[in-house]
Amino acid sequence: MAQDNDKNVETVDLSDVTVRFAGDSGDGMQLTGSQFSDTTALVGNDLSTLPDYPAEIRAPAGTLYGVSGFQLHFSSSDVFTPGDSPDVLVAMNPAALKINLKDIKPTATIIVNEDAFDAKNLQTAGWESNPLNDDTLAGYKVIRVPITTLTTNTLAETSLSTKEIVRCKNFFALGMMYWLYSRPLEPSMNWIASKFKNKPDIAEANQKVLKAGYYFGDSTEIFTTRYNVKPAKLPKGTYRSISGNEATALGFAAAAQLADLPLFLGSYPITPASDILHFLSSYKNYNVKTLQAEDEIAGISSAIGAAFGGSLAITTTSGPGMALKTEAMGLAVMTELPLVIVNVQRGGPSTGLPTKTEQADLLQSIYGRNGEAPMAVIAASTPSECFTMAIEASRLALKFMTPVILLTDGYIANGAEPWRVPEISELPKIEVKFRTDPEGYQPFSRDENLARPWVKPGTPGMEHRLGGLEKANITGNVSYDPDNHDNMIRIRAQKVKNMENDIPDLEVIGDQEGELLVLGWGGTFGSITEAMDKCKKNGVKVSQAHLRYLNPLPKNTEAVLRKFKNILIPEINMGQLARIIRSEFLIPVIQFNKMRGLPFKSSDIEEKISEILGGGNGK
Amino acid sequence: MANNIDAPEVKLKAKDFASDQDVRWCPGCGDYSILAQVQRSFPDIGVKKEDIVWVSGIGCSSRFPYYMNTYGFHSIHGRAAAIATGLKVSRPDLSVWVATGDGDNMSIGGNHFIHACRKNIDFKMLMFNNKIYGLTKGQYSPTSEKGKVTKSTPFGSVDYPFNPISLALGAGATFVARSMDRDPKHMQEMIKKAAEHKGIAFIEIFQNCNIFNDGAFELFTDKETKEDNVVYLVHDQPMVFGKEKNKGIKLDGFNPVVVDLNDGKHSINDLLVHKEDDESPTRSFILSHLTDSDGFPKPVGIFRRILKPTYDEGVQNQLEYITEKKGKGKLVDLLKGKNTWEVN
């Protein structure tokens, strides 16, 4: 694609780059970032992304609170996080510069749309003088590009309105970045063609601007160096780029096929979980039915109805929706029906931070219901692991005939990474047997796992009634008998506990005993792993374990923890796993908690580790 | 499992629909009549016992599924319509019935009710309206008349009641009817017609709570007063009522008026002829508000019965259409998505 020219451009190989695109929430930064990510994945880099956007859809232009960002970390080796601090910032306006300046590396490159640095925008963003003209940006490599003007010039001959023309400017920035990091244009050219196939003039305009941005890099004297990041050495296979929410949706579609069941999703739209509903609603030819319910309660209630009817039934939500579904979860526990509840956690309490991440619903998930309502809780730790854990949640729910909560979070749900597409033969088998033999049938008889039989309505001779009232064990008749109630509480608890025999042990990465174990769960995996990598490089001895099963905990959890002198638990909450570990095992732990709506910086974890080891290296 | 393909079809009886559980409503409760009418009607609706599911919420009425020898689900307060929705959408082959009450369905479950009506989910709902909270021992309900003195409103309630028929019509229900616990034949007819209907069928049943709201519907059920206070809605028939069949309902513009057929000024030809299948729900609305002022009889029967595609069949059709168009999906294609690359 690159043209020959006289410009003397040097290409430098880099191993690792973090880029952040930032602009107004209407500037198309999420799109730009995800296009750059997809192309970067296609050329074979490992990567991790962090979309970071406001809850407002189109906040007033130029404001600080309207800034939308998309961070991307790509590398020729393994990537675990979206990067602590960007090497490159693309700032489409003064507000984007102001918001992001504090996060970037002191030596970072800043590419700005200088057209946007007018008096009004500067004032709206609270700059007293133009930072491009004073020493605010001293030390940074600042590249000023009149992106709006160049976009307008490119499209001067078209019939598009000024508004439509200006809206194309993100593709100029994208084209420039493609040139700078030696990425091909074709994937985004194709994407534009397919996205705007019904609006050919818009498609053509965006493609023109994308190319213009690329050629601008090629021809202008502003850029004297371009960079290349070689493909990462990933295990052999077919790869695609995947976000956590899409992986979750795929996992359930896969689980339903593995179990040979129809899939039913009852859900009410909520940020950041709605994408799971969007994806599943497009899988119609995979025997997937989705119901956009009138509210969160109807979302789970309809799923419970579908579970009774013999579907693999799921409901998806985020924190506030979890709160609303609580009573119905108790009903699923009581009726012993298989159901998966997905909570894509976000900042709370109440409406909290809808577009930001947090891990503060763990205790709610395990304990947050009236009565003794034991709930299996598992958590995905990376975007692609959402796939595996969605299958695992389904498998456990179906095998043990009880609801299971799958926790993800806003960070891994929206973040993307390359994913090796598994062979179908690598996926677990899920065996479901509906009982059809009325001979000796009792609705609450139990198998070796204490699961009761699943009988679909429509099966002759097996008419039975379920309900929220306490049932007599075996017969399933309503029972107020004191001993039966005591027994049933214990049975329901034991059934969940029995899952510990069906789940993998907790694995320790690094030495199996020592001074310090960093214990994590859920979306902190990337940050912790990157911190571990750095510690290892610096000769610091520290081990890592990551919990995917929160209730029940893996059987060897206590044994693992007792081998270490110190246990550090970093969590994006006030110490919810820490509380569980203390109360379950009476083992003291060290908490590390930050609730900033963002994933941990690996450097923060690294510093905490040093602090615990008191300057020693853990040996 | 027995092979009964060749077995002659055995006609079920009312008792075949009775479960082995003891019925635990208060003696004298109107619920007994409703249970009896359902059990008597069901042999005639042409659905196999195993294909019927009763779903309920919470309240006296919601114990209903335990007493029916069909599949059943006694759920949580207000959510029966939502659970029935998920069941019917995922299993369009089943005949899904909901038993609910005025508290369960008009108060805590109001949202699910209106959306089930709006979506025209193909389930049948019997709402036992006793205008009181029975199971919690006597608080006023969303259908209690204003000024109702109860345990929670010792000086009289100050809020206005819902008109369930009007609410169902407003939410777009395709079958809306009313019956009474003390009118067994009529109730059986309504149940059978609801069973025939494709789409949501809502039947409000006046049900006497002899413990906490005794006599609430006596005016409409007592032999002495019934005929002057109830008008039976019959499709294509003029609206005549009264002991002597001497009174009728006439529309004066949008306003209903009661006329005397013996006054020499009015004949049967002046009366409103009831149409269940009116394209517009306007006249059904007028009828639903008939008793808002004194002197009007309470309409009982089918207010509205129209056909339009149901949500559950829409979902099923879409699934089948897309599957035919795109072909049955292969998991491996779904997992790969549109853009993949190879690492060797």
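Between chain A and chain B the count of salt bridges is zero, a salt bridge being a side-chain nitrogen of Lys or Arg within 4 Å of a carboxyl oxygen of Asp or Glu. The model is predicted, so that local features need pLDDT of at least 70 and side-chain atom pairs count only at pLDDT 80 or more, whereas totals for chains, interfaces and linings use all residues. Residues are numbered from 1 along each chain as its sequence is written, chains are lettered from A in the order in which they are written, and side-chain values use heavy atoms, with hydrogens and water left out.

On the side of chain A that touches chain B, α11(A) gives the most, with eight residues, helices (H or I, at least four residues) and strands (E, at least two) being DSSP runs numbered from the N terminus.

The contact, defined by heavy atoms within 4.5 Å, takes 72 residues from chain A and 62 residues from chain B. The two chains bury about 5,500 Å² between them, 63% of it on carbon and sulfur atoms, where buried area is the accessible area (1.4 Å probe) that two parts lose on being put together, summed over both. A:Asn285, A:Lys289 and A:Arg465 supply 14% of the area that chain A buries against chain B, more than any other three residues.

Strand pairing (at least two bridges found by DSSP between two strands) also crosses between the chains, since three bridges join β9(A) to the antiparallel strand β12 (residues 341-343) of chain B, and A:Gly237 has B:Val343 as its bridge partner.Within chain A, five bridges join strand β1 (residues 10-14) to β8(A), the two running parallel, with A:Glu10 opposite A:Thr225.

Strand β8 (residues 225-229) of chain A is mostly covered, as four of its five residues are buried, that is, under 20% relative accessible area, where exposed means over 50% and partly exposed in between (1.4 Å probe, protein chains only). A:Glu296, which lies in helix α11 of chain A, is buried, with a relative accessible area of 4%.
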